[in-house]
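Welcome! Open your viewer, keep the selection tool handy, and let us walk through a protein together, one stop at a time.

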Amino acid sequence: MSTAILDAEKIPGQSLDIKTVIPACPIAVYQFRAQRLAELAQESGLAEYFGLLEQLVSAQQKVAALDGLAAKSCFGPEPRLDLTQSKPMALDHFEWGNYWQSVLLELVSELMPKVSAELRIVLKDLVKADADVVQGYAKSMLSGHLAEVPSQYSLFIWAALSVYWSHWAVDVAEGLAMVGESHRRLCPVCGSHPVGSVIKDEPRTGLRYLHCSLCETQWHEVRAECTACGESKGVNLWAETETNAAIRIESCDTCKGYTKMFFTDINPKLEVAVDDLATMVMDNHLVEHGFSVTTVNPLLLAHEQDEGFQPSEQPHAKVGDIH
Ligand SMILES: [Zn+2]
Ligand SMILES: [Zn+2]
């Protein structure tokens with residue numbers, strides 16, 4: 001990777017025609033993600049892991065598409081949400097119960113026939129574990145204490161939580177989209193960290209949205225500011241090529257954080273979680289220069305974790321590089 005450092009783009013602030021929040025369509029998100037995992041599996045150099053992720057994301061898509069009684073057993077009754085408070089679906093803001101564990105069972109039964117014997121043992125142990133213990137793991141993950149969760153379980157627990165959260169987040173996000181408030185570092189629906197920035201050309205070229213690592217909602221954030229600390233000075237862009245790179249990294253000299261930017265206006269095939277995973281070599285480059293990642297990738301949770309960058313009021317552990 002070259003060390004091309006470009007000036008941060010100065011894009012004017014939001015105007016009234018910009019949606020501040022874009023609700024997810026979970027089925028479409030999972031379908032697009034699974035497709036991209038299949039596309040990048042070979043060139044990623046992690047074909048086996050990408051294959052497992054494709055199975056997992058396809059299982060998420062299948063559960064997200066359930067209806068009738070099957071859906072009721074996975075998602076339960078509509079949770080009571082206080083839409084007047086900020087981040088109505090944050091961990092302590094509503095009773096999220098343990099219906100998500102039914103989602104987990106569905107995911108595991110989808111995966112069982114398709115994974116290695118070794119992983120089948122892990123999944124069997126996970127579904128046999130005491131429901132209260134598994135609930136504790138979920139709480140730890142949602143609080144950002146990833147080290148409290150056995151690392152072989154975290155990918156699957158988060159995948160199940162994500163299906164539950166994204167199911168109920170849609171209405172909340174639609175409500176928030178009507179409000180003209182600007183949002184910042186954390187998801188306005190559930191308070192989780194973003195996976196990365198997605199740059200879109202609709203309704204205006206160059207709009208930046210952050211994509212939630214839990215509920216898949218996207219929220220608007222101006223491009224001239226650091227997404228972690230809000231500082232506008234000392235924000236730099238890094239890319240592998242000097243012009244028109246579809247994936248760039250934004251670093252901040254103030255908080256020493258960085259976040260990846262995916263320009264879907266340049267390459268519409270980019271999928272925030274998959275393409276983040278496929279470009280970890282860029283992360284190594286930033287880490288070598290003393291920066292820390294400010295985002296969380298739900299597809300990387302099976303890997304080694306370490307103490308994290310915590311720029312915000314809701315600490316969330318950093319996800320480690322691939323080893
Ligand atoms: Zn969210
Ligand atoms: Zn910053």
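Here is a tour in a handful of stops.

**Before you start**

This is a predicted model: local features need pLDDT of at least 70, side-chain atom pairs count only at pLDDT 80 or more, and totals for chains, interfaces and linings use all residues. Residues are numbered from 1 along each chain as its sequence is written, while chains are lettered from A and ligands numbered from 1 in the order in which they are written.

**Stop 1: the whole chain**

Show the protein chain as a cartoon and you can look for 9 helices and 11 strands. Helices (H or I, at least four residues) and strands (E, at least two) are DSSP runs, numbered from the N terminus. Of the 323 residues in the chain, 43% are buried. A residue is buried if 20 or more other C-beta atoms lie within 10 Å of its own, exposed if 12 or fewer, and partly exposed in between, with C-beta atoms placed from the backbone.

**Stop 2: the core**

Next, select Ile157, Ala160, Leu161, Ala169, Val189, Cys190 and Cys215, the residues with the most contacts inside the largest nonpolar core, which has 80 residues. A nonpolar core is a set of buried Ala, Val, Leu, Ile, Met, Phe, Trp, Tyr and Cys residues joined through C-beta atoms within 7 Å. Which helix gives the most to this core? Select residues 151-177: this is helix H7, and it gives 15 residues. Now colour domain 1 (4-17 + 185-305) and domain 2 (26-179); both give residues to the core, so the core lies between them. These domain bounds come from an automatic or database domain assignment.

Stay with Cys190 for a moment. Setting aside neighbours within four places in sequence, Cys190 is in contact with Lys87, Met89, Ala90, Trp165, Ala169, Cys212, Leu214 and Cys215. Two residues are in contact if their C-beta atoms, placed from the backbone, lie within 7 Å.

**Stop 3: a crossing of helices**

Axes are lines fitted to C-alpha atoms, for helices over the stretch in contact, and angles run from 0 to 180 degrees between N-to-C directions. Tyr137, Ala138, Met141 and Leu142 of H6 make the contact with Tyr153, Ser154, Ile157, Trp158 and Leu161 of H7.

Zoom in on Ala138. Is Ala138 buried or exposed? It counts as buried, because it has 21 C-beta neighbours inside 10 Å. Beyond four places in sequence, Ala138 is in contact with Trp100, Ile157 and Leu161.

**Stop 4: another helix pair**

Select H4 (100-111) and helix H5 (residues 117-128). Their axes come within 11 Å and cross at roughly 155°, which makes H4 roughly antiparallel to H5. Leu105, Val108 and Leu111 of H4 meet Leu123, Leu126 and Val127 of H5 in this contact.

**Stop 5: two loop residues**

Finish with Lys87, in the loop between helix H3 (68-75) and helix H4. Lys87 is not a glycine, although it has a positive phi of about 50°. Then pick Lys256, in the loop between strand S7 (247-252) and strand S8 (257-263), where phi is near 60°. Lys256 counts as partly exposed, because it has 18 C-beta neighbours inside 10 Å.

How values were computed: Parallel < 35°, antiparallel > 145°, perpendicular 65-115°, else oblique.
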